[in-house]
Amino acid sequence: MPNTVRRCGDRGYLKLLRQNGEPGIMFQLPTCDDDAQEVQSIIGRSVASNLRLPERHKPFMISRKHATITCLRANGRNVYTIVDNESTNGTFVEDVNIPSVGGRVLAGDEIVSFGGPRTCIDRDGLKFDNPYQFRFIISRGLAQVGSTSDAPVNCASTRCIDEILQCSVCHDAVVDAHVLPCSHNFCGECILKWHDTLKNKNQGTTCPNCRAPYAAEPTPNPSLDKLYELTVQPRMPLRERRSRDDRVAKSVRARNARDKKKMCKRLLRSALMSPDIVNLLVGRQAPA
């Protein structure tokens, strides 16, 4: 029997481009159906955004509600448009700054960058690659059941795995996974930086994802790293594997340096509490 076909409306995706040019995580944008003629997706650094962009790469590049991508239903097809929400640093499609009124229709296979063009210049006049570059992809027409395609996979189980293995701080695949009591997982380097920043500001520690408060430090979750190795890593090109290995090594080095720093602080506090140091601080001479 020939494969049966089902109609799935045109689906839009934003595929994160890493700074080395290799593709990263893919985000599926909301799609119109027969009941909804217009669906909007807010992109920005606000926690209320549909696609939240992290701030750890280049702070202040992204506005809270930076841009809006709208899916419109027209003549049985989905049409995607993007408009800038009067952001501070602009929204660019193929390095062209799009207006805040009218916007631009996305036809597919365009590079969309938020907070500046693909190559930006910092305050010191140095050039750097925009970390918020995405390739907009459209999967059109009919999807054939049982057939393979180069279009993005729409399998619910695959999307579920991608969501589990994605760090909501850096929006990349989780590396050196750490878990919070609320069961949300993050890259070790990402969540420990988040934790230390809140502690240094004397603020209560909360999950970056659901904002649930927690007391204990994030806990390593090697099971999630193993899940990635079993489900995703075998299908990765060699270059991407090497890039991930570099990220793992960097995260482990940062965690080890953090642990050494904490140990030094504990030793320093212990030394300061010795009787000789206490007597010196209060102006008394230690007994002979």
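Let me start with Asp-176, which in this predicted model counts as buried, because its relative accessibility is 9% and buried means under 20%. The side chain of Asp-176 meets that of Arg-255 in a salt bridge, with 2.9 Å from N to O. Arg-255 belongs to helix α4, residues 238–272, while Asp-176 sits in the loop between α1 and β16, so this pair ties together parts that are 79 residues apart in sequence. Arg-255, for its part, is partly exposed, with a relative accessible area of 23%.

Arg-258 is in helix α4 and Glu-217 is in the loop between α2 and β18, so the pair ties together parts that are 41 residues apart in sequence. Through salt bridges that share partners, Asp-196, Glu-217 and Arg-258 are joined into one network.

Now to the strands. In general, the strands of a sheet pair through backbone hydrogen bonds, either parallel or antiparallel. Here, three strands form an open sheet in the order β17-β16-β18, with antiparallel pairing. Why is one side of β17 and of β18 left without a neighbour in the sheet? Because β17 (185–187) and β18 (219–220) stand at the edges, and each has a single partner strand. Strand β16, residues 177–179, is joined to β17 by three bridges, and the bridge partner of Val-179 in β17 is Asn-185. Helix α2, residues 188–200, lies across β16 and β17 and runs at about 95° to β17.

Finally, please look at Ser-113, whose place is in strand β11, residues 110–114. Is Ser-113 buried or exposed? With a relative accessible area of 1%, Ser-113 is buried. A polar atom of its side chain lies 2.9 Å from the backbone oxygen of Gly-116. Leaving aside residues up to four places away in sequence, Ser-113 touches several residues, including Thr-91, Phe-92, Arg-118 and Tyr-132.

Methods: Residues are numbered from 1 along each chain as its sequence is written. This is a predicted model: local features need pLDDT of at least 70, side-chain atom pairs count only at pLDDT 80 or more; totals for chains, interfaces and linings use all residues. Side-chain values use heavy atoms; hydrogens and water are left out. Helices (H or I, at least four residues) and strands (E, at least two) are DSSP runs, numbered from the N terminus. Buried means under 20% relative accessible area, exposed over 50%, partly exposed in between (1.4 Å probe, protein chains only). A polar contact is a pair of N or O atoms within 3.5 Å; within protein, one must be able to donate a hydrogen and the other to accept it, and residues adjacent in sequence count only if both atoms are side-chain atoms. Contact means heavy atoms within 4.5 Å. Two strands pair if DSSP finds at least two bridges between them. Axes are lines fitted to C-alpha atoms, for helices over the stretch in contact, and angles run from 0 to 180 degrees between N-to-C directions. A salt bridge is a side-chain nitrogen of Lys or Arg within 4 Å of a carboxyl oxygen of Asp or Glu.
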